[in-house]
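These are my notebook entries on a structure that I looked up.

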2 protein chains.
Amino acid sequence: MIHEIATLTIDPTRAADFEAAVNQARPHFEAAKGFVSFALERSIETPEKYLLVIGWDSVEAHMVDFRESDGFQAWRALASPFFVTPPSVEHVAKVI
Amino acid sequence: MIHEIATLTIDPTRAADFEAAVNQARPHFEAAKGFVSFALERSIETPEKYLLVIGWDSVEAHMVDFRESDGFQAWRALASPFFVTPPSVEHVAKVI
């Protein structure tokens with residue numbers, strides 16, 4: 001199991017609407033093959049910055065299976081209108 | 001409850017020794033006032049990059065209580081010899 005960490009930067013005056021959109025998109029992740037866990041974290045020092053932290057069975061479950069799915073299109077349709085810069089994505093594996 | 005996310009960059013050829021040092025330092029976090037949880041995550045795309053993810057009761061538990069404690073000095077003595085750039089630290093709060 002790995003975590004996708006997507007760094008999302010939005011207009012902080014639209015934070016409530018953005019969080020509602022992410023909540024609405026959440027079932028598209030939960031229905032995906034290889035999905036493990038879902039969290040949205042907001043930076044305390046930088047309120048326009050959020051981390052979407054998704055657990056997946058593997059990097060491939062995210063980058064191939066999910067990215068090629070209708071669920072990914074639905075997520076992006078809901079969330080991308082809020083992005084003020086393109087999201088950046090990395091994957092991490094727990095070592096301790 | 002909040003998470004501290006410390007981004008740590010090390011020489012990847014020393015990864016095993018670094019991970020052993022973090023494991024050795026772990027009890028200093030676990031003994032701290034306001035400590036909640038501990039994880040070390042390694043970037044898959046950037047193997048020299050680690051995220052130390054510590055749950056705390058509050059930002060103050062980390063930035064005041066822990067930073068002024070002997071446990072912080074012990075952590076830094078163990079880990080900082082591996083750092084190739086200064087760590088960066090941010091705090092996040094779960095919104096979903």
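**Entry 1: a strand pair in chain B**

I began with Glu4(B), whose bridge partner in β4(B) is His91(B). I noted that a strand is a DSSP run of E with at least two residues, that a helix is a run of H or I with at least four, and that both are numbered from the N terminus. Strands β1(B) and β4 (residues 88-94) of chain B run antiparallel and are joined by five bridges. I counted two strands as paired if DSSP finds at least two bridges between them.

**Entry 2: the basis of the model**

I recorded that this is a predicted model, in which local features need pLDDT of at least 70, side-chain atom pairs count only at pLDDT 80 or more, and totals for chains, interfaces and linings use all residues. Residues are numbered from 1 along each chain as its sequence is written, while chains are lettered from A and ligands numbered from 1 in the order in which they are written.

**Entry 3: the other strands of chain B**

I then followed strand β1 (residues 2-9) of chain B to strand β3 (residues 49-56) of chain B; eight bridges join them, and they run antiparallel. Ala6(B) has Leu52(B) as its bridge partner in β3(B), and His3(B) has Gly55(B). Strand β3(B) is also joined to β2(B), by seven bridges and in the antiparallel sense. Here I found Ala39(B) opposite Val53(B). The link from β2(B) to β3(B) is a hairpin through five residues.

**Entry 4: chain A as a whole**

In what order do the elements of chain A run from the N terminus on? I read them as β-α-β-β-α-α-β, and the secondary structure comes to three helices and four strands. The C-alpha trace of chain A spans about 35 × 35 × 20 Å along its principal axes. The radius of gyration of chain A is 13 Å, which agrees with the value near 12 Å that a compact globule of 96 residues would have. This radius is taken over C-alpha atoms, and the globule rule is 2.2 Å times the number of residues to the power 0.38.

I noted that 27% of the 96 residues in chain A are buried. A residue is buried if 20 or more other C-beta atoms lie within 10 Å of its own, exposed if 12 or fewer do, and partly exposed in between, with C-beta atoms placed from the backbone. Among contacts in chain A between residues at least 6 apart in sequence, 74% join residues at least 24 apart. Two residues are in contact if their C-beta atoms, placed from the backbone, lie within 7 Å.

Why does Leu52(A) count as buried? I found that Leu52(A) has 21 C-beta neighbours inside 10 Å, so it meets the cut-off. Leu52(A) lies in strand β3 (residues 49-56) of chain A. Not counting residues up to four places away in sequence, Leu52(A) touches Ala6(A), Leu8(A) and Leu40(A). Leu52(A) and Ala6(A) are 46 residues apart in sequence, yet 5.1 Å apart in space, C-alpha to C-alpha.

I next looked at Phe29(A), which is in helix α1 of chain A. Phe29(A) is buried, with 23 other C-beta atoms within 10 Å. Beyond its neighbours within four places in sequence, Phe29(A) is in contact with Phe35(A), Phe38(A), Ile54(A) and Gly71(A).

The largest nonpolar core has 36 residues, and Leu52(A) and Leu52(B) are among those with the most contacts inside it. Such a core is a set of buried Ala, Val, Leu, Ile, Met, Phe, Trp, Tyr and Cys residues joined through C-beta atoms within 7 Å.

**Entry 5: where the chains meet**

How many residues does the contact take from each chain? I recorded 22 residues from chain A and 22 residues from chain B. In chain A, β1 (2-9), α1 (15-30), β2 (35-43) and β4 (88-94) each supply at least two residues of the side that touches chain B. Strand β4(A) pairs with strand β2 (residues 35-43) of chain B in the antiparallel sense over three bridges. In β2(B), Ser43(B) is the bridge partner of Val92(A).

I found that 100% of the interface residues of chain A are also interface residues in chain B, so the copies meet through the same surface. A rotation of 180° with 0.0 Å of shift along its axis superposes chain A on chain B, with an RMSD of 0.0 Å. The two copies are thus related as by a two-fold rotation axis. The superposition is by least squares on the C-alpha atoms of residues with pLDDT of at least 70 in both copies.
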